[in-house]
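Here is a short briefing to read beside the model. Start with the question below, then take the topics in turn.

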There are 2 protein chains.
Amino acid sequence: MNAMAESAYALLQARAARIATLGEASAMLGWDSSAMMPPGGAASRGDQIAVLYGLMHELGTAPEVADWLDRAEAAPPEGAWDRANLALMRRGHTRATAVDASLVEATARANSACEKVWREARALSDFAMVADSLAEVVRLARENAAALSARLGMSPYDALMDGYQHGITASDVAPVFAQYETFLERALPRALELQAARPAPLKPTGPFAVATQEELCRRLSAAAGLDYDHARLDRSVHPFCGGTRTDVRITTRYDEADFAQALMGVMHETGHALYERGLPEAWARQPVGEAAGMGVHESQSLIIEMQACRSDAYLTWLAPILRQSFGNDPAFVPANLGALWRRVSRGFIRVDADEMTYPAHVILRFRLEQALISGDLAVADLPGAWNDGMQALLGITPPNDAKGCLQDIHWYDGAFGYFPSYTLGAMGAAQLMGAARRELPGLDGELALGNLGALTGWLRPRIHNKGSLLGYNDLLLAATGKTLDPTDFQNHLVSRYLAG
Amino acid sequence: MNAMAESAYALLQARAARIATLGEASAMLGWDSSAMMPPGGAASRGDQIAVLYGLMHELGTAPEVADWLDRAEAAPPEGAWDRANLALMRRGHTRATAVDASLVEATARANSACEKVWREARALSDFAMVADSLAEVVRLARENAAALSARLGMSPYDALMDGYQHGITASDVAPVFAQYETFLERALPRALELQAARPAPLKPTGPFAVATQEELCRRLSAAAGLDYDHARLDRSVHPFCGGTRTDVRITTRYDEADFAQALMGVMHETGHALYERGLPEAWARQPVGEAAGMGVHESQSLIIEMQACRSDAYLTWLAPILRQSFGNDPAFVPANLGALWRRVSRGFIRVDADEMTYPAHVILRFRLEQALISGDLAVADLPGAWNDGMQALLGITPPNDAKGCLQDIHWYDGAFGYFPSYTLGAMGAAQLMGAARRELPGLDGELALGNLGALTGWLRPRIHNKGSLLGYNDLLLAATGKTLDPTDFQNHLVSRYLAG
């Protein structure tokens, strides 16, 4: 190692910190846009965020950065973290410089235009209305994918997927999804049959005052380990977890008729928030200190919401809490809450899907978007291919495109390669929970006391504190002894839905 | 005009817009820090704002900017607005480049260190504890003032004052303040005498529910013209008006025992907010489109709060509204509200002062800070000079330095030249109100109907829409036919406090 190369890496670190700090500013403005901003602020806010992104891009792709990277790589730093950090800097630089500014701009314009048309097309369930716009979005996405593919040395689709979750490829995911499809073919009818044989669960009688719901959400998220000295809970139309590592902002929406939506939503966002709060402080504002990707992030929200908070053990603890908050409703019995909040159904809409059928929605999109990017599927043929896929996977055919290929914003906004993250999250969460249960025999006993500390204490060194040191599969391998494997998720579903 | 110079000015405009947009981002983060942020976010927030300011400074002082300015000035744009804009760009560039980066950094460090010591020194009322830190702050402020003075061609103190309010100098202010001092010598004893001769006003009986106060504040500010599609009202320890032109954020604090503090505070911030909302949209994100300075800004808050909302006419309208909100308290009678909310007293604390004695607090500071900057007053002699000044101006001597020269953060944070803005605001507000009353004979009739539209409609083209086209005195001259003149303020005080 020579002094010059060392200094180049130090320069890269300082630049990364500056860019990350601008990213924090942008994240706060994004939270404000959704949770606080009056409508009249929208246009200026768009400019503010665009200027911040523009500066982040300029700072990341300035000529000196390429030089620093070359010099740093010529005499790389010692230590796994620094080396991973440098590799992530290179990857970020490659991604940021692979695509011409003119293509970036054309893509942003096409995505934004298509998204606007899509809102109307979805409302009218008129795919033809948006087909041309989507074709342009797909054409540009293919150009982007080709440019990234050439520079990153991975397939065009993998190059897109890598933008959301690194350390796993389509060829890793495809067999896992195929195995799940086979599982679902037998598991879903059986689960539905068992469910139909049981008496319908009682629905608790509302209304549930919003202030009480909010207080309960705050209490349960705090009990799960969210430190409100470093967090806020607010309201927004679409719940999310935003903000920064030291100042996490989670949101939810409240429905007076149904408190479960807000409550489980907040526990989901709490999982995201705990991950952010647990990222390695020593690597803050460095690429290696960031979350390891959308799939890993989703695993952290789902392990809290789906694995822990909807478990029999946790519901045992939760039922009397609900009676305390909302009064003595006969629905507030653990077994009833389980039956109520864990129902399976064949539905058209991904965001409303239960945990067993959700992967089918993702598998459909994963296959279709690969075909769109490879050119095997024309945009005009998308509605038909969608409906065929739904029939094959879930045995239902959408009555219209609004309930079919128009339902999600992602493609119409240019996001290809994102969808697998949802199921990487669900399966990763089950795989992590399986390992945690093996290593912590008293885990369910803790959950039955409302204590999530044992679980999050297990996750912290294995996932949270690891930042982006490892990619998706390596992270799972280190934490659970194996790369992505749908078995744990399937076992979880069997025990939750088929054991009755 | 040649194409090259035109293009240089266009480049300057684009640069100014980019810097202003970053300023908006920073303003939103500043609001969030005070109104929303959990305590754990403070350290990161400091970094975020520092990085934004650093980038704004870099973008404003990059080598090409000097070149663009030279080229633009060689063939200046046509039109008063563009010319004023270019002149303000030059002024901003001169101010930003006049001081060495090393001095800027040393100043920031000394100010921040002194401010921390001051908090403890004030709590302990121990001036000696902070004297050395303040001496260093003053030393650096004098260096800054000297550097600015040399480049701007104005006296060192004027160069500092110009950073807060342009278009008026210490030699304009000094005789106005001297005249006011003479007025106060006779007016204050007389006002106190008249006040003592009247029965004490009734205090309304609380508690006043915070939710009701907040609703009332929102209602009255909206009635005053604040459009909540472009604004928010929140809570903070220190009330302020922040945010941006299209998304103004005002704050207040609530006291269950006394609603007047929040209510009048919100009307004050509403005045600031209406000014921001009325700045010329065509010049948004350009120097000439910004508010004309702190003195002008304060004139807009005080004309709403002090001139309009504490007037007999407005209180006539407000009294039944208060009965509606808080019940039928015998204190809710216009004459009683006037007597209650317009009391004069000799006090030690500036921020608690009534409108008649407030200028005395400012005059004292104006004189002392000039002496500190000129070197005529040593920091060690400040407590004595302060106490002598208070005795001379208000006839009282602070019992300790916490109620004397330690009370305000400004100097301890390096802000010299700011204090005059408060009284420039109060006198400017009275001068503008005088002109408005002459030109709008029905103005008080409108106020008695709770209608501030006539007043703000008069202010909009004369002050709000003018942005920074004119400096303080020229703006007053254009709006009222004369430069700063304390007569209107004195007449206002005579009519409000001495006419009884």
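Which residue in E3(B) does Thr244(B) stand opposite? Thr244(B) stands opposite Asp247(B).

This is a predicted model, in which local features need pLDDT of at least 70, side-chain atom pairs count only at pLDDT 80 or more, and totals for chains, interfaces and linings use all residues. Residues are numbered from 1 along each chain as its sequence is written, while chains are lettered from A and ligands numbered from 1 in the order in which they are written.

**Confidence**

- Chain A has a mean pLDDT of 96, pLDDT being the predictor's confidence in each residue, from 0 to 100.
- In chain A, 99% of the residues reach 70 or more.
- For the complex, the predictor gives an ipTM of 0.94 and a pTM of 0.95.
- Where pLDDT is low, predicted coordinates should not be read in detail.

**The sheet of chain B**

- Helices (H or I, at least four residues) and strands (E, at least two) are DSSP runs, numbered from the N terminus.
- Two strands pair if DSSP finds at least two bridges between them.
- Chain B has an open sheet of 3 strands, in the order E1-E3-E2, with mixed pairing.
- Strand E1 (231-235) and strand E2 (241-244) of chain B stand at the edges; each has a single partner strand, so one side of each is left without a neighbour in the sheet.
- On average, neighbouring strands of this sheet are turned by 20 degrees against each other, direction ignored.
- E1(B) pairs with strand E3 (residues 247-252) of chain B in the parallel sense, over 5 bridges.
- Asp234(B) has Thr251(B) as its bridge partner in E3(B).
- The pairing of E2(B) with E3(B) is antiparallel, over 4 bridges. A hairpin through 2 residues joins E2(B) to E3(B).
- Cys241(B) and Gly243(B) point one way from E2(B), Gly242(B) and Thr244(B) the other way, and all are buried. Buried means that 20 or more other C-beta atoms lie within 10 Å of the residue's own; exposed means 12 or fewer, and partly exposed in between, with C-beta atoms placed from the backbone.

**Strand E2 of chain A**

- Strand E2 (residues 241-244) of chain A is covered on both faces: Cys241(A) and Gly243(A) are buried on one side, Gly242(A) and Thr244(A) on the other.
- E2(A) pairs with strand E3 (residues 247-252) of chain A in the antiparallel sense, over 4 bridges.
- In E3(A), Ile250(A) is the bridge partner of Cys241(A).
- E2(A) is joined to E3(A) by a hairpin through 2 residues.

- 29 residues of chain A contact 29 residues of chain B. Contact means that C-beta atoms, placed from the backbone, lie within 7 Å.
- On the side of chain A that touches chain B, helix H1 (3-35), helix H2 (42-61) and strand E1 (231-235) of chain A each supply at least two residues.
- H1(A) gives the largest share of that side, 8 residues.
- By class, the side of chain A that touches chain B has 14 nonpolar, 8 polar and 7 charged residues. Ala, Val, Leu, Ile, Met, Phe, Trp, Tyr, Cys and Pro count as nonpolar, Asp, Glu, Lys and Arg as charged, and the others, Gly among them, as polar.
- The same surface serves both copies, as 100% of the contact residues of chain A recur in chain B.

**Backbone exceptions**

- Most residues other than glycine have a negative phi, and most peptide bonds are trans.
- The peptide bond from Gly206(A) to Pro207(A) is cis, with omega near -5 degrees. Pro207(A) is in the loop between helix H8 (170-197) and helix H9 (210-223) of chain A.
- Gly206(B) and Pro207(B) are also joined by a cis peptide bond, with omega about 0 degrees.
- Ser125(A) has a positive phi, near 50 degrees. Ser125(A) is partly exposed, with 15 other C-beta atoms within 10 Å.
- Arg285(A) has a positive phi of about 65 degrees. Arg285(A) is buried, with 20 other C-beta atoms within 10 Å.

How values were computed
Axes are lines fitted to C-alpha atoms, for helices over the stretch in contact, and angles run from 0 to 180 degrees between N-to-C directions. Two residues are in contact if their C-beta atoms, placed from the backbone, lie within 7 Å.
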